[in-house]
Amino acid sequence: MFKYRCKVCNYFFDELKENIAFEKLPQSWKCPVCNASKDMFIEIKEKDIKNKNVDFDKNNKIVENDMTDEDSFKTAPDLMIEQMAAWGIKYVFGIPGTSSLGVVESVRKNKDIEYFQVRHEQTAAMMASAYGKLTGNIAACLTIAGPGATNLATGLYDATLDKSPVLVITGHVQRKLIGTKAFQEINQHEFFETFAVFNKTINHSDEVTRLTTLAIRHALIEKGVSHLSISVDIQKEKCDDDIIPIEGKIATISATATENIIDQAVSMINNSKRPVIVAGAGALENKEDIKELSQKISAPIVTSFRGKGIVDDDYFLHVGGHGGELDL
């Protein structure tokens, strides 16, 4: 049994509670909260994950034992990646490097997240931004401390301005070297503070799952960039936290207009002499409704810069899309 999250309003469909498989629902089924289509739901795989205790020798090295893979030693990045997967993140875009190798290795071991290596950090940020804009779901970009982090800027500002949810994970120098002007050490917190909706540095392995969920939650609800920085020495530490489930930890953001507001809108449309529909990104999930309305009131459709694709270019009532600005 799985749960499915609506990418529009965060409503959860629980197959166990509903007593029906999500795939068995008719294609015409709509979200009961925001009326989004079935295609706007993303699968959330629930896992009951808890790390077991392991023994260490006098050199603080892991002692080999007969534990199964499920009960084996897990690091802070292992739990970070499992937490990301539990909240619906499927893709990580990035470039590996010394200060983030622990996180990269955890991505490699996790079968629920796919890693895409790029040639430049800006590409990773652009890919994560585009994924958020096109799907409404969140992806992550991963890179090293210092120059790797700053190279993300263009793509992350694209996500910020277009309100695309993105999770950024950057490596960092060892905790004892922060503030010493060590190799590739910059003030990463201040760098991301100007545009990130959530910006934290993980200082201890016990903070990993809590801060990871907070970062994802802020990115999804506020539709922006969340940043987590994790030092290279933390990436080697043991972590035995439980995975935090997403249901009940993220607010439903859908709202319905009151009847008097709807009546006013209907009156304005009925009394208009030459109505024009300006369809923006918020109408992407109501393509058929927009077309039906345009035909009913004989109104041409203009799409915004981010609303391109709401109707086909050859649709008989589509008169084109505007660029960065629209003067009405």
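This is a predicted model: local features need pLDDT of at least 70, side-chain atom pairs count only at pLDDT 80 or more; totals for chains, interfaces and linings use all residues.
Keep the viewer open and select as you go.

**Start with the rings**

Show the side chains of Phe, Tyr and Trp. The structure holds 15 aromatic pairs.

Select F13 and W29. Their ring centres are 5.6 Å apart and their planes meet at 75°, so this pair is edge-to-face; the cut-off for that label is over 60 degrees. Now colour by secondary structure. F13 belongs to strand β2, residues 12–14. W29 sits in the loop between α1 (15–18) and β3 (41–44). The pair therefore ties together parts that are 16 residues apart in sequence.

**Move to the strands β4 and β5**

Select F93 and F116. Here the centres are 5.6 Å apart and the angle between the planes is 35°, a tilted pair. F93 is in strand β4 (residues 91–94), and F116 is in strand β5 (residues 114–117). This pair thus ties together parts 23 residues apart in sequence.

Buried or partly exposed: which describes F93, and which describes F116? F93 is buried, at a relative accessible area of 6%. F116 is partly exposed, at 31%.

**Finish with a charge**

The charged end of K38 sits over the F22 ring, 5.4 Å from the ring centre.

Notes. Residues are numbered from 1 along each chain as its sequence is written. Side-chain values use heavy atoms; hydrogens and water are left out. Rings of Phe, Tyr and Trp (its six-membered ring) pair if their centres lie within 6.5 Å; planes under 30 degrees apart count as stacked, over 60 as edge-to-face and the rest as tilted. Helices (H or I, at least four residues) and strands (E, at least two) are DSSP runs, numbered from the N terminus. Buried means under 20% relative accessible area, exposed over 50%, partly exposed in between (1.4 Å probe, protein chains only). A charge sits over a ring if NZ of Lys or CZ of Arg is within 6 Å of the ring centre and within 35 degrees of the ring normal.
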